[in-house]
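Look over the chain below.

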Amino acid sequence: MTPLYDRDGWLWQDGDWLPWREARTHLLTHTLHYGMGCFEGVRAYRGPDGAQLFRVAEHTRRLLDSAHALDIPLSFDAETLIAAQRQCLTRNGLDNAYLKPTVYLGAEGLGLRAKGLTSHVMIAAWDLGDYISPEAAAIGLRALTSSWARHHVNISLCRAKTNGHYVNSMLALNTAVKAGFDETLMLDPEGYVAEASAANVFLLRDGVLHTPEITSCLQGITRDSVIRLAREVMDMEVQERRITRDELYTADEAFVTGTAAEILPLRELDGRHIGARAGAPRPDQPIDGDSVTARLQGLYRRVTRGELGDDLVAYAGWLLPA
């Protein structure tokens with residue numbers, strides 16, 4: 001795999017375009033030392049008429065909200081940042097891409113007071129490729145409940161997509177991966193299900209979808225998309241509430257959602273095969289094509305790729321051409 005720093009292309013930084021290999025920031029950049037910054041992950045997909053950004057307005061609003069919550073002043077508005085993301089695709093000749101707008105602080109000084117620092121925004125875009133192998137995506141993920149809890153709401157900002165928060169996620173995920181699992185399930189400080197390392201969690205039980213309320217998890221944009229597709233297209237009941245881990249053990253189906261992950265089945269948690277009660281396929285077999293998870297995967301894929309029939313035309317506003 002080619003290192004990210006060794007690529008052709010262009011990055012956007014504070015209103016200017018930089019050749020990819022020439023992009024630099026100082027070693028004493030404040031965000032490198034203290035994690036005070038925020039970012040987004042945005043996807044672009046090849047549609048019938050070229051590249052289309054998926055829900056870029058919502059992602060950009062969350063980036064600005066995160067910066068405001070962190071008290072980082074920005075001189076760029078949403079319109080400018082959305083235009084830069086569109087241009088990032090065209091300048092780099094991308095139609096399937098992952099974009100990472102990032103807000104960070106400069107190198108004028110160090111220290112917790114973070115005074116007298118400049119604020120910066122950069123945007124990079126590249127072809128993400130497969131987030132996970134197609135086989136694993138069809139069969140589903142094996143997860144381990146983490147001993148690392150997600151942040152309490154009064155420990156840090158849980159709505160902001162903050163750089164430093166992801167140390168928590170990396171500790172949890174790396175522990176699970178070293179133990180032979182694909183993913184981790186994080187609980188909140190009270191022991192209820194919060195989210196996966198970088199994805200929201202859903203379970204199906206007796207025809208009803210359940211997902212943790214946003215006091216326990218990031219207010220994911222893919223999460224919102226799935227809730228709306230389930231309610232509005234599939235006419236399903238969706239409950240946002242506190243969930244215990246044993247509810248996942250006995251669920252009929254479970255899956256995780258995220259911008260990079262999209263919708264991935266969760267087939268096992270802590271050695272328990274999810275769906276066993278409902279007669280799910282064996283752990284090494286692909287999920288049933290008629291399952292709720294598979295149907296949502298299909299709907300989400302059609303929407304993100306602009307394959308909007310009469311049943312999905314209402315979601316055309318989620319796509320913005322490059």
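**Cavity, pocket and domain contact**

The largest cavity holds about 30 Å³ of space. This is a predicted model, in which local features need pLDDT of at least 70, side-chain atom pairs count only at pLDDT 80 or more, and totals for chains, interfaces and linings use all residues. Residues are numbered from 1 along each chain as its sequence is written, and side-chain values use heavy atoms, with hydrogens and water left out.

Q: How many cavities of 30 Å³ or more are there?
A: On a 1 Å grid over the protein atoms alone, a cavity is a set of points where a 1.4 Å probe fits but cannot get out. Points join across faces, edges and corners, and the volume is the space filled by probe spheres set on them. The count of 30 Å³ or more is 1.

Q: Which strand gives the largest share of the lining of the largest cavity?
A: Lining residues have an atom within 4 Å of a point; among them here are Ala-143, Glu-183, Val-256 and Leu-269. Strands are DSSP runs of E, at least two residues, and helices are runs of H or I, at least four, numbered from the N terminus. Strand S9 (183-187) and S15 each supply at least two lining residues. The largest share, 3 residues, comes from S9.

Q: How many charged residues are in the lining of the largest cavity?
A: Asp, Glu, Lys and Arg count as charged; Ala, Val, Leu, Ile, Met, Phe, Trp, Tyr, Cys and Pro as nonpolar; the others, Gly among them, as polar. This lining has 7 nonpolar and 1 polar residues, and the charged number 1.

Q: Which domains each give at least three residues to the lining of the second largest pocket?
A: A pocket is an open set with protein on both sides within 12 Å along at least five of seven lines. This one has a volume of about 600 Å³. Its 23 lining residues include Arg-43, Asp-130 and Glu-262, which are among those nearest its centre. The domains, with bounds from an automatic or database assignment, are domain 1 (10-127) and domain 2 (134-306).

Q: What area is buried between domain 1 and domain 2?
A: Their centres, over C-alpha atoms, are 27 Å apart. The contact (heavy atoms within 4.5 Å) takes 24 residues from domain 1 and 23 residues from domain 2. Buried area is the accessible area (1.4 Å probe) that two parts lose on being put together, summed over both. Carbon and sulfur atoms give 59% of a total of about 1,900 Å².

Q: How many salt bridges are there between domain 1 and domain 2?
A: A salt bridge is a side-chain nitrogen of Lys or Arg within 4 Å of a carboxyl oxygen of Asp or Glu. By this rule the model has 17. Between domain 1 and domain 2 the count is 1.
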